[in-house]
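Open the model in your viewer and keep the selection tool at hand. The stops below go from one selection to the next.

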Amino acid sequence: MTDELTEAGGTTRTTAFSGGGGSPRPAAASSERLSVPKSSVCSRSYFVVVMVFFHVYIVNVIALLLYVHYSSGQEDAAAGPPGRDAAQAEQQQQARPQQPLPSGTQCTRDVPLPRVEGVRVGHVQMLSLVPNKVHEMTTLSLKPLLFEIPGFLSEDECRVVMQLAQLKGLTESQLMVQDGQEELAKELNLSPEEIFNLLDINQDGQLQLHEILTHSRVRDGIWLTPENLQEIYAGLKVDKDENGSLSLEEFRLLSADAFQRFLLQRGVERSQLVRNSRHTWLYQGRGAHQVLQDIKERVTRLTRLPSTLVDLSEPLQVVRYEEGGHYHAHHDSGPVYPETACTHTRLAANASTPFETSCRYITVLFYLNSVDGGGETAFPVADNRTFDEVCLIQNGVDLMDTRRNCEKSNLRVKATKGKAVFWYNYLSDGKGWVGEQDEYALHGGCVVTQGTKWVANKWINIDPDYQRQARYQHLVSQQPEDEDGLTLHFDIHQEL
Ligand code: OGA
Ligand code: CA
Ligand code: FE2
């Protein structure tokens, strides 16, 4: 650049531009430059060029200052760079005190919700979660953002959690017939024609098996396979022309009542339910067994979330699957609609919100024993290029069916004692808070083919509606506590 300046000052404009070609100049040119008369630095063209560069420089400096100013607010949301630096950045991040969320109703989102960076599949991060031990956390997928930490719990901790659950007693995770399903069907208020049209995805005037199953895999808590549905068609004699799909006339014969009567007559086994396991809940707050409090503390460090959020989340759910037990693919959390309220913040919600769902920002799943056969956790669509609900059932293969099709899942995590996996059920909203549900977070427990399987779930509840979460925290913080540290008057966790 200095070269060009000198040249521009000493020669005509044409000569200055001709220097941009990149070809080496003859030696004579530089000696020519030396002979430029001193008075030429005061020429008009020299002045113009200097001013142009000066302005460009000033604009650059201003742009840089603006960039630094506006990007500093985002700093916390992003974790460190990949590789060893990431581990360092992570430790620094952990050393920083966690800022609690503002608890008033007048709050700003200037404290972004931390989100662990996945970097890339297979990326390993070192974590210091407990004294004298380093845990290795490996990224398993980016969609959903999913990590694995072997040895997160010690053998003793696994044993204590299983024993505490047994002491408390486990109950069936799913009742045989779910109440309220019928009422929901009536509330729908849609005619058979309207339902037919909605189910007829390809609009060919026929309902193929997968079109019915995409929307009604689960009936009264019972999981329907394509064969079950065919059996129902045959039992109720609805598929008159026996072509495997239903016309509108045939569909009318398949009323909800007929469906239910058929299933009841035929009898249902536990293996036909969505979830075939037993579970219980263990409180982790003040006064709880030390092991349970330690686990909660470790989860707080792992997720880097403010401890208030973890403290106000659901208790630990301990699950036991017998041989033959399973949990078909599902989302731990509900989708976000304007009219949806979260179960945990319903105290702070508008009383008229018609739908309620669990808002579980993060799932931390612990394996409490090593399973002898089967029992992996499957993520059917992890890291798929696209998500397509319809493609979950193809050619009679239902990817959500973890009794049959686990091996076709994109990702399976082996159940190994002490290991933890954790993932985000929601995406970020890009502004430092919880955004849309992550459809790729679909997962299930594969059938246990040998032995039993024990797992525990720690769900971290956050309301995607920031104001509602803040209002809820404010309400809870004003409540008096009893001597065990339990918040009185508020029934936060019904099942405790
Ligand atoms: C659950 C769950 C998976 C498993 O309990 O919500 O998804 O592997 N469990 O047991
Ligand atoms: Ca069709
Ligand atoms: Fe789950």
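Predicted model: local features only at pLDDT ≥ 70, side-chain atom pairs only at ≥ 80, totals over all residues.

Which residues coordinate it? The donors are His-330 through NE2, Asp-332 through OD and His-443 through NE2, at 2.1 Å. Along the sequence these donor residues follow the spacing H-x1-D-x110-H.

Move on to ligand 1 and show the residues around it. His-330, Asp-332 and His-443 belong to this shell too, together with Arg-275, Tyr-321, Tyr-327, Thr-377, Gly-445, Lys-453, Val-455, Asn-457 and Trp-459. By type, the shell holds 4 nonpolar, 5 polar and 3 charged residues.

Colour the strands next. At least two shell residues come from each of strand E10 (326-330), strand E22 (443-445) and strand E24 (453-461). E24 gives the largest share, with 4 residues.

Finally, look at the oxygen atoms of ligand 1. One of them is 2.7 Å from an N or O atom in the side chain of Tyr-321. A polar side-chain atom of His-443 is 2.9 Å from an oxygen atom of the ligand, and for Asn-457 a polar side-chain atom likewise lies 2.9 Å from a ligand 1 oxygen. How much of ligand 1 does the protein bury? Taken alone, ligand 1 exposes 290 Å², and 99% of that is buried by the protein.

Methods: Residues numbered from 1 in each chain as written. Chains lettered and ligands numbered in written order. Heavy atoms only, no water. Near = heavy atom within 4 Å. Polar contact = N/O pair within 3.5 Å; in protein donor to acceptor, adjacent residues only side chain to side chain. Areas by Shrake-Rupley, 256 points an atom, 1.4 Å probe, with all protein chains shown as cover. Nonpolar A, V, L, I, M, F, W, Y, C, P; charged D, E, K, R; others polar. Donors = N, O, S within 2.8 Å, 3.2 Å for Na, K, Ca; no water.
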